[in-house]
Amino acid sequence: MASPLLVLFLAVFCAGSTVSHELQPTPTMDRDQYMAASRLRSLVTEFVDYYQNITLADLNLYQDEHPRLTTDQDQECLEDLALTMQDLSSGGIWTLRMFDSWGSLPSGMLYGNMWDLGNYDECLNVDHAVSASHSVRGKYCFAQVSLAPSISSLLNIKTAVCFPASCTAANMDTLLRQLFEKLLNVEIGADLQLVDESTCQTAQREPYDGLTIFTIVLLSVLCALMLLATLYDYFFVKDQKTLSPVVKAFSARANCRALFRIVDSKSNPNVIDCLHGMRCLSFVWVVFGHVYLVAAMGPAINYVDMLTWYQTVFSMLIKQGVYAVDTFFFLSGLLLVLIALRIMERTKGRLNIPMMYLNRYLRLTPLLALAIPIYMRILPILGDGPLYGSVSFDNYASCSDSWYLTLLYVQNYATDSICVSHSWYLAVDMQLYIVSPFLLIALYKWGRRGAAGILVLMLLLASCLFSMMVIKNISTASLENNPMKKLYYSTHTRASPYLIGILFGYFLHMNRGKPFRLGRVAVVLGWLLSLALLFTCIFSVHGKGIGSLPVVEEAFYLTLSRIAWPLGLCWVVFACIHGYGGPANSFLSSPLWQPLSKLSYSAYIFHMVIESLNAGITRTNTYFSDYQMMLRFWSDFAFTVLLAFLMHILIEAPLGSLQSHLLQTRKPSPKPEEAATVPEGPTTKTAPDPPTVKDSPTSDVQE
């Protein structure tokens, strides 16, 4: 998750808030300036009075003290504005609606309410026919005015305005600039753009381009295949064993049967049930954190409360949500070793490395490849609203230039504008997977010496992170040096949990079947140490913030926490496996987690579709509180699971099944005593095929 962005946003906003740290002075505002600004509460009335006799000269923009030449578009805008003013005097309902949709100076701006969204739909529904060839339509935009330029540009008031669609943002800027200067009795600098065309919207929509049409057709074809295969499976197939592999791959009935099948760990000792719960809770943590992040970018009426919340203990669970990703890396390394070493034992150490890479790429890429055009083209047409497309920490327009880097899994290094930003995890995970065969060979051939080498590698990479932060003075809260790319997205800085997962997986592999009899004191100490590590990672910087620490302290914290977190998880997994988990094991090992665990990859890829959609269709200002965020989370999470289920039965399960069928090497079945050591799962293969682990949040635990 991208919680450092939230930290950065709040840190900047804090500079202009009435709630401040002890070392920050309380900002002030000139009384006369505030009283003058209060006239904006009747902004539309002032506009109508000021421009009731509008002329072409009012539309001239002055550049270097010389008016620009008027254009035909200026003339059309003037005529529509004049007609609007004329019909307003006669009580025309369409022009009343246009001005009725305007916003004003928001109430509670000193409490953090910086937006007035007006009435978006009322403005866009204005469509007054002047002649057979011309209509006056509404154009909704945001106008901004700075009430306290000396504090922060983030404190600019943004209010909705509605003009005829024939007027450009430059026309609106000119008219409002003159009006604001009169109302506020100040001269507004030319560097402050009051109306930006990017904030403007009309009811007219661009026709679908080729990529949009292709994506819709592709999704329609997949739906048709699923429907036909499901109907054939339901009505014509009596014995599932006779079902064609192609029909079975696309049948929603067959895929749902596999999705909701509960694997009993008693029948397969290779299944580690608690990993399902750990993965699902980590995914929930990611979604929950992103709900707060998106809300921080929306039109909350009480941003000051957000700053108070930022100092609470509970806020640490959101700000430190980065550890959910470290859990994913830990599980990836753990599952890889548990599966691969068992297969290598049966194949006498042989690994088909090219086939490993091919299986891995084909497993992950189709869903990601379809997600890119969905974010680029389908998401923009799913809804609309005054803030649609802007209330998100992603700019999906960058996909036009960097989509191929995402499909090559190098976007975390190759570009500063990542297409589908949360896909950085897949790039890091893929790059770690690429080097994993060499680590597996070292473990198989050299055993403990290989494990010692991996431990040294992990410590060297951790030292690299520490020295880079100290020597180059890179902080997670810095506005320079691109800290997100260097500290958050880079594979070499995120490798510690993955390598610890590999080492712990090797420990479990070497001690499989061995009973561990621990006394009550040892078990209690184990849980206390584990919880101490986990809670220290989350709460140790409470009241300070990571970015506020001296760079050396921050480097120590970031480096050691990425080691301490997976170490704490090691005990949780160990205790659950060997019967010392107690209530934690009962909760994490519940069979109810298994279906959601299988959907976790689809859900991770597409959860921002739901969050961006629900945030973008907002028509009114929201209220920030933990309870409101929880209400928002449950709606986002529920629809995310539904969308993930649809994508799973449309794309992930069918293509995964076809891949397993086409790439499967026909070999004799293993002997009964060997079969007991083969992990159960849809991609399990007989020797000498390589492991095809789809690691969390991209796989089934039982693979």
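View 1. The sulfurs sit 2.1 Å apart, and a disulfide here is any pair of cysteine sulfur atoms within 2.5 Å. Cys 123 belongs to helix 6 (residues 120-124) and Cys 162 to strand 6, 39 residues apart. Helices (H or I, at least four residues) and strands (E, at least two) are DSSP runs, numbered from the N terminus. This is a predicted model, where local features need pLDDT of at least 70, side-chain atom pairs count only at pLDDT 80 or more, and totals for chains, interfaces and linings use all residues. Residues are numbered from 1 along each chain as its sequence is written, and side-chain values use heavy atoms, with hydrogens and water left out.

**View 2. The Cys 77–Cys 167 disulfide, S to S 1.9 Å.** With a torsion of about 90 degrees, this disulfide is right-handed too. It ties Cys 77 in helix 4 (residues 72-89) to Cys 167 in the loop between strand 6 (157-164) and helix 7 (169-184). Cys 77 and Cys 167 are both buried.

**View 3. The Cys 399–Cys 419 disulfide.** Here the sulfur atoms are 1.9 Å apart, and both cysteines are buried. Cys 399 is in helix 16 (residues 399-407), while Cys 419 lies in the loop between helix 17 (411-414) and helix 18 (424-446). The count for the chain comes to 4 disulfides, in the pattern 1-5, 2-4, 3-6, 7-8, with bonded cysteines counted along the chain.

Definitions and conventions
Buried means under 20% relative accessible area, exposed over 50%, partly exposed in between (1.4 Å probe, protein chains only).
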